[in-house]
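Here is a short report on a protein model with DNA. Keep the sequence and the 3D view open while reading.

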Number of protein chains: 2
Amino acid sequence: MNLRDLRYLLAVAEHGHFGRAAEACGVSQPTLSIQLRKLEETLGVTLFERTSKAVAPTTACARLIGHARAAVAEADALLAMARSLRDPLAGRFRLGIIPTLAPYLLPLVYAPLRAALPALEIEPWEEQTSALLERLRDHSLDAALLATEVDGPDLTSRELFAEPFLAALSPDHALAARDVVAEEELAADMLVLADGHCLRDQALAACGRSGALGGTLRASSLPTLLNMVAAGYGTTLIPGLAAGAARDAGLVLRPLAARAGRVVRIAWRSRFPRHAAVEGVADVIATRLRSFARGAAAGAV
Amino acid sequence: MNLRDLRYLLAVAEHGHFGRAAEACGVSQPTLSIQLRKLEETLGVTLFERTSKAVAPTTACARLIGHARAAVAEADALLAMARSLRDPLAGRFRLGIIPTLAPYLLPLVYAPLRAALPALEIEPWEEQTSALLERLRDHSLDAALLATEVDGPDLTSRELFAEPFLAALSPDHALAARDVVAEEELAADMLVLADGHCLRDQALAACGRSGALGGTLRASSLPTLLNMVAAGYGTTLIPGLAAGAARDAGLVLRPLAARAGRVVRIAWRSRFPRHAAVEGVADVIATRLRSFARGAAAGAV
DNA sequence: CGGCGTCCATAGATCATGTCTATTGATCGG
DNA sequence: CCGATCAATAGACATGATCTATGGACGCCG
């Protein structure tokens, strides 16, 4: 049994006439006659009482036709929905973002993304790198904004922009008097984020330390960390996009001598079919942040 | 798009594995792969993200799959219902019966019909001949029990049994003293049914009258007619099966000299597909009434 | 790190079947 | 009794579903 056969059945029931039903279905009358007879044979039920005068549905047909109508309607609904889902630049797009990036990047790119991809319903999801990678791999995210390389052939990534780190100091810190701070000078009293944040490892690596100091307080979020530094508990190293928030917290920011920084990338499953959506999002973010990256390259933030 | 394709889609979504899905569908893996790819092309939507490791439905697929499931379920329901409708000796059977027959025949044949055709749900419909023929022709009845021949090639009929008429008299009527009454003797004061009852015309014809007497009361039903005769308003001629009811009404019954009577037939549309049901019903009634017909032929009721 | 197994995609051949045009048969009306 | 109408049938044709065999990508394991 075929959906086409059910459409033929409905057409004959509606028109009560093989010729007109065939015309409505866009086929010849013999075709419709044959197919309907085959349907009757497969069902084992006579569907119509045929006369040269009229074609009347049997009672069996009357009881079956509701299901036929429902099946055809569902198939048509599926086709219509497929048409609306056809655009890869439309629909839900679940985008993971690491916590040290989300609060500072999203406000910058949200409006441009809406403007460039109006049909794309971006759902941000904030979590640490490893969790995002896991969610990418189990298909609960479509793409993720990270500050690390991704490994494995199942994932692909594209560089979006370079984000320089900055030394963040309380105004009364000794280094606050300097124009430029060398990364190693921060090592002595640097505060870092909790385990799992990629920024923690990158900050430690930038100033030549392999691990955090024993007993060092580990902030669970960047805003917390900024407040700790502002309160004079130590120094830290922040990503450039957080500069505004850091200044608002009353911190003094200084460029780094060796220009340590991180590269923000977008990552996705290599086989993810809506590649166009990923590229679209990536293009918008890269374009929006181009000036920022240029400024960073010039050493000015 | 095809119901088969939708079944393939559901199988792949369920198993997450082309090979096992193909096995479940009873086809080879390449077949399923090709058909699914074609489905993706016709829909314009990628349905699965394929890896050698796993096959994951896309978000678009997740939204479409509900409709696919519904369409397939409706089709399956249709097939299941068709299976149950396949037996022509099962299901509703709308049987018209003329009013001068129904109350006396139905009690005789109801139980035998239930016993012989347990799956046939017979729905009796009591109306006069012309209305029954109309309903037969417009498909609102499946068959009808009549006491007249039917004309036209669109209808067919089969004789079931012969039903003799009897003279019905009030006990104090002059003719009640006789053993046998000649049909013509009833003509003088015979009461008849209202227009439209075939019994009316047949009774008049039997006693040689072309029309009813002027001012004669025309009962709208046979029970009413019996009571009128019992009350002494005249004589009448009743169908044999009504003998019991007539005696209960206090009437005297006498056989007719010329053995006037009527033939009860079952009629149906020549193209009616459930011919087996008609034959089944006809056989049961003819068998049940065979003794009656023999008795009638022998002159004893 | 190289063979091996798993899994989906592709190629080419084959077979089933849906569709067409032309025609027949049945039925009805003038 | 003849012509019109309508569904069924016949035969040719083309599409398309399916199969087996094979290729290519990937992960596993010694």
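## Nonpolar cores

The largest nonpolar core holds 76 residues. Within this core, Phe93(B), Phe161(B), Ile266(B) and Val281(B) have the most contacts. Strand 6 of chain B, residues 155–169, gives the most to this core: eight residues. Two domains of chain B each contribute at least three residues: domain 2 (91–162 + 264–297) and domain 3 (163–255). The model is predicted, so keep in mind that local features need pLDDT of at least 70.

There is also a second, separate core, with 75 residues. Among its members are Ala203(A), Ile238(A), Ala243(A) and Leu253(A).

## Domains of chain A

Chain A splits into three parts: domain 1 (3–85), domain 2 (91–158 + 269–288) and domain 3 (163–255). Domain 2 is written as two segments, 91–158 and 269–288. Between domain 1 and domain 3 of chain A, the C-alpha centres are 73 Å apart.

## Strand 6 of chain A and its partners

Strand 6 of chain A covers residues 155–169. One partner is strand 11 of chain A, residues 261–269. The two run antiparallel and share nine bridges. Glu163(A) has Arg262(A) of strand 11 as its bridge partner.

Strand 6 of chain A also pairs with strand 9 of chain A, residues 236–239. This pairing is antiparallel, with four bridges. Here Leu166(A) is bridged to Ile238(A) in strand 9. Ile238(A) is also a member of the second core. A further partner is strand 10 of chain A, residues 252–255, again antiparallel and joined by four bridges. In that pairing, Ala168(A) is bridged to Leu253(A). Leu253(A), too, belongs to the second core.

Is Thr100(A) buried or exposed? Thr100(A) counts as buried because its relative accessibility is 3%, and the cut-off for buried is under 20%. Thr100(A) sits in the loop between strand 3 (91–97) and helix 5 (102–116) of chain A. Its side chain makes a polar contact of 3.0 Å with the side chain of Arg262(A). Arg262(A) is the strand 11 residue that bridges to Glu163(A).

Leu39(A) is part of helix 3 of chain A. Its relative accessibility is 1%, so Leu39(A) counts as buried. From Leu39(A) to Arg63(A) is 24 residues in sequence. In space, the two lie 15 Å apart, C-alpha to C-alpha.

## Contacts with DNA strand C

DNA strand C is surrounded by 23 residues. The closest are Ser28(A), Thr31(A), Lys38(A), Ser33(B) and Arg50(B). Of the atoms of DNA strand C that come within 4 Å of the protein, 81% belong to sugar and phosphate. By class, the surface near DNA strand C has 10 polar, seven nonpolar and six charged residues.

An N or O atom in the side chain of Gln35(A) is 3.3 Å from one phosphate oxygen of DNA strand C. From chain B, the approach is through backbone: a polar backbone atom of Phe18(B) lies 2.9 Å from a phosphate oxygen, and a polar backbone atom of Gly19(B) lies 3.2 Å from a phosphate oxygen.

## Contacts with DNA strand D

How many residues surround DNA strand D? There are 22, and the closest are Ser33(A), Arg50(A), Ser28(B), Thr31(B) and Lys38(B). Sugar and phosphate make up 80% of the atoms of DNA strand D that come within 4 Å of the protein. The surface near DNA strand D has nine polar, seven nonpolar and six charged residues.

Phe18(A) places a backbone N or O atom 2.8 Å from a phosphate oxygen of DNA strand D. An N or O atom in the side chain of Ser33(A) is 2.7 Å from a phosphate oxygen. Gln35(B) has a polar side-chain atom 3.3 Å from a sugar or linking oxygen of DNA strand D. Two or more residues of the surface near DNA strand D come from each of helix 2 (18–25) and helix 3 of chain A, and helix 1 (3–15) and helix 3 of chain B.

Key. Residues are numbered from 1 along each chain as its sequence is written. Chains are lettered from A and ligands numbered from 1 in the order in which they are written. Side-chain values use heavy atoms; hydrogens and water are left out. A residue is near a molecule or strand if one of its heavy atoms lies within 4 Å of it. A polar contact is a pair of N or O atoms within 3.5 Å; within protein, one must be able to donate a hydrogen and the other to accept it, and residues adjacent in sequence count only if both atoms are side-chain atoms. Ala, Val, Leu, Ile, Met, Phe, Trp, Tyr, Cys and Pro count as nonpolar, Asp, Glu, Lys and Arg as charged, and the others, Gly among them, as polar. A nonpolar core is a set of buried Ala, Val, Leu, Ile, Met, Phe, Trp, Tyr and Cys residues joined through side-chain atoms within 4.5 Å. Buried means under 20% relative accessible area, exposed over 50%, partly exposed in between (1.4 Å probe, protein chains only). Domain bounds come from an automatic or database domain assignment. Two strands pair if DSSP finds at least two bridges between them.
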